[in-house]
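I opened the file to go through the fold, the cores and the charged pairs. My entries follow in the order of looking.

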Amino acid sequence: MISAIMPTYARADLAFERGEGPYLFDAEGRRYLDFASGIAVTTLGHKHPKLMDALKTAAEGVWHTSNLVRIPTQEALAEALVAHSFADTVFFGNSGAEAVECCIKVARKYHAAGGHPERFRTITFEGAFHGRTLATLAAGNQKKHLDGFGPPVDGFDQVPFGDIAAVERAISPATAAILVEPIQGESGVRVSPDSFLPALREIADKAGLLLIFDEVQSGVGRTGRLFAHEHWGITPDVMAVAKALGGGLPIGACLATESAARGMVAGSHGSTFGGNPIATAVGLAVLNEVTKPGFLEAVQKRGDALHEGLNRLRAKHGNKIAEVRGKGLFIGLRCTGDPSVVIGELRARGMLSVIAGDNVVRLLPPLIIEDVHVQEALEKIDDALGATSF
């Protein structure tokens, strides 16, 4: 008999009753160090006082009005995102997939508004993951995600990640944009080569394309910069963010320059729930915390400590860890065997992590971790690797 919850996830037999900071607690009171963060969502850990205050205040006000009227917290969050990024304008949805879908629509409308509706195709990259809607699945072009869902949505041309020559060959008169994750998360925390993003910026400018970054997982402080692309010293025309932005509440955002958004006029796009008063109030509290002086420096410091410690463990357990990847607190351990074995051993020791492609264990701790949590994580990983048999 099918379960009441549609069985689209292979769920672990775990349920949590409460959370505090970087820890989750099950019904028996067992404590888990949460280095999964709900797949990079609970940015500031669990029950953060500033988020609790923002949530309670918002809940005492108006829960929903639709986007047919002004929403003050939405306007404040949009203004804050604009102030801290390349963007001039923001559209809010409910998820990362919606944010990416909006980015793709912005690119198509940009060219249509410029008199070239025939330019609708987007170049994407092997190993990408952009979401679970039909269009974002087509953009990711992974067989395991597309299988059984009929013909993929047209309009995407995929090339190898990091291959500039392949990008240049893929450009046609129908090309509208390039869509790329600065760090590919789902396929194994694959970081863009040093020259890759700057080269894409140059190609996009030369060919009149929009450059779109998918920072759904890498954005809002995860790498030690507010947005991961800042490590490469270039900016996109359009960008998708989500996950960490809500600190645990569902929200996604499409950020764009004024020029890129020239086609997004009234009636061109919409969302019933997007930019909801409660989600945007909490999102603003998240952004205010992450942009406080010293916050991102602390993320980078803890990220450096984890990378150093993990590389020491790699040397100690060299037959089990092939590589430590990532930036800041966006970390991947590429295993020489099945990563689910390591994840199971960690879980048995009270630590949560996330699987990714290419035999990778993802470590996505909340950004508020301190030195003691770094040390606790390293001890658990050391112990888990020692018990792993591959």
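**Charged pairs**

I began at Arg 121, which is buried because its relative accessible area is 16% (buried means under 20%, exposed over 50%, partly exposed in between, with a 1.4 Å probe and protein chains only). This is a predicted model, in which local features need pLDDT of at least 70 and side-chain atom pairs count only at pLDDT 80 or more, while totals for chains, interfaces and linings use all residues. Residues are numbered from 1 along each chain as its sequence is written, and side-chain values use heavy atoms, with hydrogens and water left out.

I looked up the partner of Arg 121 and found a salt bridge to the side chain of Asp 154, at 3.1 Å from N to O (a salt bridge is a side-chain nitrogen of Lys or Arg within 4 Å of a carboxyl oxygen of Asp or Glu). Arg 121 lies in strand E5 (residues 121–125) and Asp 154 in the loop between H6 and E6, so the pair ties together parts that are 33 residues apart in sequence. Helices (H or I, at least four residues) and strands (E, at least two) are DSSP runs, numbered from the N terminus. Asp 154 counts as partly exposed because its relative accessibility is 49%.

I then took Arg 201 and Asp 237, a salt bridge whose closest N and O atoms are 2.9 Å apart. Arg 201 sits in helix H8 (residues 196–207) and Asp 237 in the loop between strand E10 (210–214) and E11, 36 residues apart. Arg 201 counts as buried at 12% relative accessibility, and Asp 237 counts as buried at 14%.

My next pair was Glu 323 and Arg 325, with closest N and O atoms 3.1 Å apart in a salt bridge. Glu 323 is partly exposed at 30% relative accessibility, whereas Arg 325 is buried at 12%. Salt bridges with shared partners join Glu 323, Arg 325, Arg 334 and Asp 358 into one network. I searched the whole structure and got 18 salt bridges.

**Whole chain and cores**

I counted twelve helices and 17 strands in the chain. Of its 390 residues, 54% count as buried. The radius of gyration is 21 Å, which agrees with the value near 21 Å for a compact globule of 390 residues (it is taken over C-alpha atoms, and the globule rule is 2.2 Å times the number of residues to the power 0.38).

I asked which residues have the most contacts inside the largest nonpolar core. They are Leu 81 and Ile 178, in a core of 88 residues (a nonpolar core is a set of buried Ala, Val, Leu, Ile, Met, Phe, Trp, Tyr and Cys residues joined through side-chain atoms within 4.5 Å). Helix H9 (residues 277–290) gives the largest share of this core, seven residues. A second, separate core has 24 residues, including Cys 103 and Cys 254.

**Loops**

I checked Val 189, which is not a glycine but has a positive phi of about 55°. Val 189 is in the loop between strand E8 (183–184) and strand E9 (190–191), and counts as buried at 0% relative accessibility. Lys 243 also has a positive phi, near 35°, and is in the loop between strand E11 (238–241) and strand E12 (252–256). At 21% relative accessibility, Lys 243 counts as partly exposed.
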